[in-house]
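Open the model in your viewer and keep the selection tool ready. We will go from stop to stop, with a short note at each one.

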Amino acid sequence: MKLDYAALISPFPFYIEGVGGINSPVLRQIWNPDITYQGYQMYLTLLLMTPETFCKQADLSRLKWYESLSYEERMKLNMMDIIATDESLQKSYSNMFDFFFEENVIWNSEYSLFFTYESTDSNGQIIPKGMIHHNIFTELCDIILQRCGITRNNADTDISKVKSKRALEILDKLKKRRPKHSDSSARDEDIELPNLIASVAVKSNSINFTNIWDLTVFQLYEQFKREQTNVYFDIQKMSVAAYGNEKKTFKGDEWYKCEKKI
């Protein structure tokens, strides 16, 4: 499911029937000492994790098993199958979902799924409101990532979403062509949250180090992009004011135009 722009910029939960409400975390929540920025990054890693990346990067003891699976078996597999066999993953994913969901989230070993709940009965047993099961898991992770301004790379796609054997073969080729090392590691530091927070707080006319913490992550990214747009707009504006606009290349409405989607 691809969320529309209205849902992405909203500070309110995005509700999925039978599951629960996905919050769009604000910066203040991420920098809370109980979570921390490092903890948030770990949560994103869990959301991006696929069975293949888990077996290749987190648990090499499972790699031989994974590589022995047929195309059809891999296409049916997602992280829920791995989580069901690993107690530490059950705790990690419960904590991660608990952070992003409006409801509380807990793993249930009997049914091998996560329950979302808001209250318990007189015996202390949870009263389920929704569930996170195998069929919704990958899409749910993608929705949370979208609300955090993140989309998966082609090489990180969960193959349980791939619809055909031919498409899977193409995906495998993309992964093999993916460079082992990126030359843009220094550039990536420029767009990490701590640097964007400082840059936007200093550049913006209305957002500062006091109120920036109430922005959602997606709102911060959008604020940063719009600030960039306005920089170029101001340069064009001053150029037109000084030299005119004979070629009619400056319309004056560039500052609010929708970003062109590819």
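Select Q90 and show its side chain. This side chain reaches the backbone oxygen of I83 at 3.0 Å. It also reaches the backbone oxygen of A84, at 3.4 Å. Polar contacts here are pairs of N or O atoms within 3.5 Å; within protein, one must be able to donate a hydrogen and the other to accept it, and residues adjacent in sequence count only if both atoms are side-chain atoms.

A word on the source: this is a predicted model, where local features need pLDDT of at least 70, side-chain atom pairs count only at pLDDT 80 or more, and totals for chains, interfaces and linings use all residues. Residues are numbered from 1 along each chain as its sequence is written, and side-chain values use heavy atoms, with hydrogens and water left out.

Stay on Q90. It lies in helix α8, residues 87-100. Helices (H or I, at least four residues) and strands (E, at least two) are DSSP runs, numbered from the N terminus. Is Q90 buried or exposed? Q90 counts as buried, because its relative accessibility is 11%. The cut-offs are under 20% relative accessible area for buried and over 50% for exposed, with partly exposed in between (1.4 Å probe, protein chains only).

Now show what surrounds Q90. Beyond its neighbours within four places in sequence, Q90 is in contact with I83, A84, T85, W107, S109 and F114. Contact means heavy atoms within 4.5 Å.

**The strands**

Select residues 104-108, strand β3, and residues 113-120, strand β4. They pair in the antiparallel sense over five bridges. Two strands pair if DSSP finds at least two bridges between them. Find N108: L113 in β4 stands opposite. Four residues separate β3 and β4 in this hairpin, and S112 in the turn has a positive phi of about 55°.

Which residue in β5 is the bridge partner of S119? The partner is I127. β4 and β5 also form a hairpin, with five residues between them. Look for G124 in that turn, with a positive phi of about 85°.

**The rings**

Select Y93, F97, F101, W107, F114 and F137. Together they form one aromatic cluster. Rings of Phe, Tyr and Trp (its six-membered ring) pair if their centres lie within 6.5 Å; planes under 30 degrees apart count as stacked, over 60 as edge-to-face and the rest as tilted. By this rule there are 15 aromatic pairs.

Go to Y5 and F218. Their ring centres are 6.4 Å apart and their planes stand at 70°, so this pair is edge-to-face. Y5 is partly exposed at 36% relative accessible area, while F218 counts as buried at 9%.

Y93 sits in helix α8 and F137 in helix α9 (residues 134-147), 44 residues apart. Y93 is buried at 0% relative accessibility. F137 is buried too, with a relative accessible area of 2%.

**The salt bridges**

The whole structure has nine salt bridges. Each is a side-chain nitrogen of Lys or Arg within 4 Å of a carboxyl oxygen of Asp or Glu.

Select K91 and E87. They meet in a salt bridge at 3.9 Å, N to O. Both are exposed. They are four residues apart in helix α8, so about one helical turn separates them.

Move to E227 and K203. The closest N and O atoms of this salt bridge are 3.9 Å apart. E227 is in helix α13 and K203 in helix α12 (residues 193-203), 24 residues apart. E227 is buried at 12% relative accessible area, whereas K203 is partly exposed at 43%.

Last, select D59, R62 and D86. A network of salt bridges links them.

**The whole chain**

Zoom out. The protein chain has 13 helices and five strands. Of its 262 residues, 40% count as buried.
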